Amino acid sequence: MTAIKPSSDLDRFGLGPDLGAPNPQPSLSGDHWVPIRDLHARHRRRILDHLLHLDERDRYLRFGFPATQHQMAQYVASIDFKRDEVFGIFDRKLRLVAVAHLAALPGHGPHEAHPDTQAMEFGVSVLPSGRGKGLGMRLFQHAITHARNQHATHMMIHALSENAPMLRIAAKAGAVIEQDGPDAQAWLKLPPDTMGSHLDSSLQSLAAEVIYRVKYRVMHISDWLRMLMTSS
């Protein structure tokens, strides 16, 4: 992913101009930390709304075919939030601009892997308003920590060979990419989880939730003040 130039609207995501550059896991103390919120079953409607804002080309790249509204609704309804993990990035107006799905694939792994290999599949979508800001890379790094904490040995991306941005993210992380005609699979071997990876995950989730709640309250107070001034 290409490094981005400074822009006046980056702060709505809490991002800086160098976010696209390859770097280690973002930390809470970093200047460019991005609040990534855990999504749950109660967020199904918001996840679907996010997907419905993708155009036909984006749906094709995300799912491998130009998914219809009905097919995307079926996909969202089928997400098992007890087994899988879903993350989202909200803008300052609390619109869900980026969503990642980390799905468990027990017993699956790259070619000639050990039978006990446990893998998790990563999928991501970013709305046009959030592109060029490194959100896909941030979500990928976030997913690596969570996959490790689920004791996965590998993380896999199944994408179309023409989906260069997604494959570029995987390649920068050191994944091995296997291409088979129009399809590609990227396999990233993961280090084992540590106390630090669990602590980092917990702190980031807590901080993202707090920031979301603060934004929610600020937005509604602003709406209330605006209504009050309009009616006076």
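Visitor: R37: buried or exposed?

Guide: R37 is buried (under 20% relative accessible area, with over 50% exposed and partly exposed in between; 1.4 Å probe, protein chains only). Its relative accessible area is 4%. This is a predicted model, where local features need pLDDT of at least 70, side-chain atom pairs need 80 or more, and totals for chains, interfaces and linings use all residues. Numbering starts from 1 along each chain as its sequence is written, and side-chain values use heavy atoms, without hydrogens and water.

Visitor: What does the R37 side chain meet in a salt bridge?

Guide: E209, at 2.7 Å from N to O. The cut-off is a Lys or Arg side-chain nitrogen within 4 Å of an Asp or Glu carboxyl oxygen.

Visitor: Where do E209 and R37 lie?

Guide: E209 is in helix 6 and R37 in strand 1, so the pair ties together parts 172 residues apart in sequence. Helices (H or I, at least four residues) and strands (E, at least two) are DSSP runs, numbered from the N terminus.

Visitor: And E209, how is that classed?

Guide: E209 is partly exposed, because its relative accessible area is 24%.

Visitor: How many salt bridges does the structure hold?

Guide: Seven. One of them joins D49 to R45, with the closest N and O atoms 2.7 Å apart. Both residues sit in helix 1 (residues 44–52), four residues apart, about one turn of the helix. D49 is partly exposed at 31% relative accessible area, and R45 is also partly exposed, at 48%.

Visitor: What does D58 pair with?

Guide: The D58 side chain meets that of R131 in a salt bridge, 2.7 Å from N to O. D58 lies in helix 2 (residues 56–63) and R131 in the loop between strand 4 (118–126) and helix 4 (135–149), so this pair links parts 73 residues apart in sequence. D58 is buried at 14%, whereas R131 is partly exposed at 36%.

Visitor: Which residues do salt bridges with shared partners join into one network?

Guide: R37, E209 and R213.

Visitor: Switching to strand 2. How many of its residues are buried?

Guide: Six of six, over residues 85–90. Buried residues line both faces: E85, F87 and I89 on one side, V86, G88 and F90 on the other.

Visitor: How does strand 1 run relative to strand 2?

Guide: Antiparallel, with three bridges joining strand 1 (residues 37–39) to strand 2; pairing takes at least two DSSP bridges. D38 stands opposite F87 in strand 2.

Visitor: Where is D84?

Guide: D84 is in the loop between helix 3 (69–78) and strand 2. D84 counts as buried because its relative accessibility is 4%.
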